[in-house]
Amino acid sequence: MATLQKIRTRAGLLVAIVIGVSLAAFILGDMLQGGSSMFQRNRLEVGEIDGTSIQYPEFQSEVEELGEIFKQNYQTSQLDENMWAQVREQAWQQKIAEIVMGETYKDLGINVTSEELFDMLQGSNIHPIVQQIFRNPETGQFDRGSVVRFLKNLETGAVTQENRDYWLTLENQIVDERTQSKYANMVGKGLYVTTQEAENTLQASSKTVNFDYISLPHSTVSDDEISITEKDLKDYYNAHQEDYEQEQSRRIEYITYPVSPSADDYADAEKWINDIKSDFAETDDNVQFVNANSDVAFENVWEKRDDLPENIATWIFDEGAQVNDVFGPYPDGETFKLAKLHKSEMMPDSVEARHILLQVTTQAELLAAQALADSLKTMIEKGADFAQLARDNSVDQGSAINGGDLGWFQRGQMVKPFEDAAFNNKKGEVTVVTSQFGIHIVQTTQLGKLTPQVQVAYLVRNVIASTKTYQNVYAKASEFAGNNTSREAFDAAIAEQKLTKRVANVGENDRQIVGLENARQLVRSAYEAEENSILQTTQGSPIFELGDNFVIAVLVQVTEKGIAPLEDVKPRVELAVSKEKKAEVLVEKAKAALSGNSDLASVAAALDTEVKSANSINFNSFSIPGVGLEPAVIGTVTSLNVDQISAPIAGNNGVFVVVVTSETQNPAGDIAAEQNRLAQTLNYRAAQQAFQAHRDAVEIVDKRSKFY
């Protein structure tokens, strides 16, 4: 464990240095701009969790560390903005859990000892993460020796800093997970399901009923038949305020000036494609010419007639185009194209093949796998049993069990290097190729019907907006923004010019607005502006450049977190009160019909409706088929006797009258088994609900939107 302690010490020093440099740079930059921010800690505050201030340099350092883990997990050197948003969100949630639960774990004495960690890394109870990382690619089994060697290399410094940091992060995750598991088990052990609870749930599902019903939808009562007063609205609102809780949001209205190619831009693209046609026709190296001049690289694919665009298929197969003939130029959407017949051959339309896949993850493995592949190829060519070699050596277990057989397949169904080898082989020929999955020993066992296939080299010129077009559109947006600097002027100008106004409701941390690219800057501006003001960029311009659009926006409504004012939710309250009033009218109608009739059919006739049926309903049913979520109806029918007509039931969708036509008593379940099932459900929910309770008990202020 001394090794792990050294790792932690060194990593801690490195993190401290990184944070120190970042903090110094941040504060120095701020001092040069404002001169006083060193004494204004709140300006660096990303948030506050249970009274603990989260400072930007510390948080950003954790984000960057987590970002490196994401890069390794996704095998990429760069993360796009959406991925960085995920990283920041995960880092924030981890910070909340660390602060909210840290003191709880400490007070309860919950920790992970060095002996436990050793057991999860090298001992008898290896953690699943470690098992996954150190799995032998040939056997698929966990390789304990690989773990020991890796940890020794950590101690001697034989691994890269990147891998060292990655391992330390995984180790911390394992410790955190074990700590959380201990807490969850502790909470779960404190929960108990009584015998009575188990009996109640069994009883609820033991009785299944079939019933007939009539329904009177709220819509059958006209608005003229009810009267709603202001007092009705206020009373309902006050009694149901929890239904009108709202999150913080901003409502913006905006117009866009799309930057799209002009007629001149189309003409320029067409002239360019016409001017280059002769050079394209004369070149001897079609691939190099396309890759050097086209907006779309050469695609090394073979295609049959049905795979080609109709105009190209007609030119080649009906008009008899020859290799190196050129077709076009012709328009295709927002492009102009030239097509040159690059190759034409009779080739199989499908092949049957089998393979042996050797996995490669390191340079050392590559050299060993190449030697093994060459050896296997020689053995197969000398008559060795391909199927047995596949079962013994291939990491593709799905095909290895069938002797490596992949069956018949057409072009486009396999990775390109494998496909090329399979289709270029003669029957029975063996080829070794490398793909992103490893090294393949490929044998083509059958060739399909020969068909004419071609390769076409396309020279593509995209039609894009020129600088002149860009400037012309910007000038229009600038003129509108300059002449309309208030909300009133903004609205009036839109109406006068018959422009299309769009609307968006955005949360403080939202990053996207439908139809707009990179909308984060517009969202941030909405939270920094005053209501009814024109939004501005960080440079003070009212024009946002978002992708191919210039955007001008106004903040029309500010909504703060809490209970929405009655005026803001009045339409919703009116609808709810209206349903209650209409239900009262329908209940009285149903009561009148019930007073003079003894069976459901007569009641239905009196109410000018029809009798419907529902089957197999018990107390645990979620909804009624064809009706929807109606808990009041379900509760009533499971408590009625057979042939007993109910009183009117006010439900979610209307008023109901029901009668049970039959019931079935199911065999009583095992109480002990039911207790165990309910206990497992409680334990499953225990950890999350306990954490949520702790989280709800503290104040969390999220200020990330100031920085991201």
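F150, L151 and L154 of helix 6 meet N163, R164 and W167 of helix 7. That contact opens this briefing on a predicted model. Two open sheets follow, one of 4 strands and one of 3 strands. Helices pack on both: helix 20 on the 4-strand sheet, helix 3 on the 3-strand sheet.

**Helix 6 against helix 7**

- Helix 6 covers residues 144–156, and helix 7 covers residues 161–189.
- Their axes lie 11 Å apart and the packing angle is about 120°.

**Helix 2 against helix 3**

- Helix 2 (residues 56–73) packs on helix 3 (residues 81–108) at about 120°, with the axes 9 Å apart.
- Helix 2 is therefore oblique to helix 3.
- This crossing is right-handed.
- On the helix 2 side, the contact uses E58, F59, E62, V63, L66, G67, F70 and K71.
- On the helix 3 side, the contact residues include M83, W84, V87, R88, A91, W92 and K95.
- An α-helix has 3.6 residues a turn, so residues three or four places apart point the same way.

- Strand 2 (52–55) and strand 20 (700–702) are the edge strands. Each has a single partner strand, so one side of each has no neighbour in the sheet.
- Neighbouring strands here are turned by 20° against each other on average, direction ignored.
- Strand 1 (residues 45–49) and strand 20 run antiparallel and are joined by 3 bridges.
- G47 has D702 of strand 20 as its bridge partner.
- Helix 3 packs on this sheet and touches strand 1, strand 2 and strand 20. The direction of helix 3 makes about 40° with that of strand 1.

- Strand 17 and strand 18 (649–650) stand at the edges.
- Strand 3 (residues 207–217) pairs with strand 19 (residues 654–665) over 11 antiparallel bridges.
- Along that pairing, T208 stands opposite T664, and D212 stands opposite V659.
- Strand 3 also pairs with strand 17 (residues 612–617), antiparallel and over 4 bridges.
- F211 has A614 as its bridge partner in strand 17.
- In a regular strand the side chains alternate between the two faces of the sheet.

- Helix 8 lies across strand 3 and strand 19, at about 65° to strand 3.
- Helix 8 has 12 residues (residues 195–206). At 1.5 Å a residue it should span 16 Å, and its end C-alpha atoms are 16 Å apart, which agrees.
- A198, L202, A204 and S206 of helix 8 are buried.
- The buried residues of helix 8 pack against strand 3, strand 19 and helix 23 (671–696).

- Helix 8 lies across strand 3 and strand 19. Helix 20 packs on the sheet as well, touching strand 3 and strand 19.
- The direction of helix 20 makes about 60° with that of strand 19.
- K570 is found in helix 20 (residues 566–595).
- Does K570 count as buried or exposed? K570 counts as buried, because its relative accessibility of 18% falls under the 20% cut-off.
- Leaving out residues up to four places away in sequence, K570 touches E230 and L233.

**T378 in helix 13**

- T378 is found in helix 13 (residues 363–381).
- T378 has a relative accessible area of 37%, so it is partly exposed: buried means under 20% and exposed over 50%.
- T378 and A690 are 312 residues apart along the chain. Their C-alpha atoms are separated by 63 Å.

Key
Residues numbered from 1 in each chain as written. Predicted model: local features only at pLDDT ≥ 70, side-chain atom pairs only at ≥ 80, totals over all residues. Heavy atoms only, no water. Pairing = 2+ DSSP bridges. Buried < 20%, exposed > 50% of the residue type's maximum accessible area, 1.4 Å probe, protein only. Expected span 1.5 Å × (residues − 1). Contact = heavy atoms within 4.5 Å. Axes fitted to C-alpha atoms, helices over the stretch in contact; angles between N-to-C directions. Parallel < 35°, antiparallel > 145°, perpendicular 65-115°, else oblique. Left-handed = near helix turned anticlockwise from the far one by under 90°.
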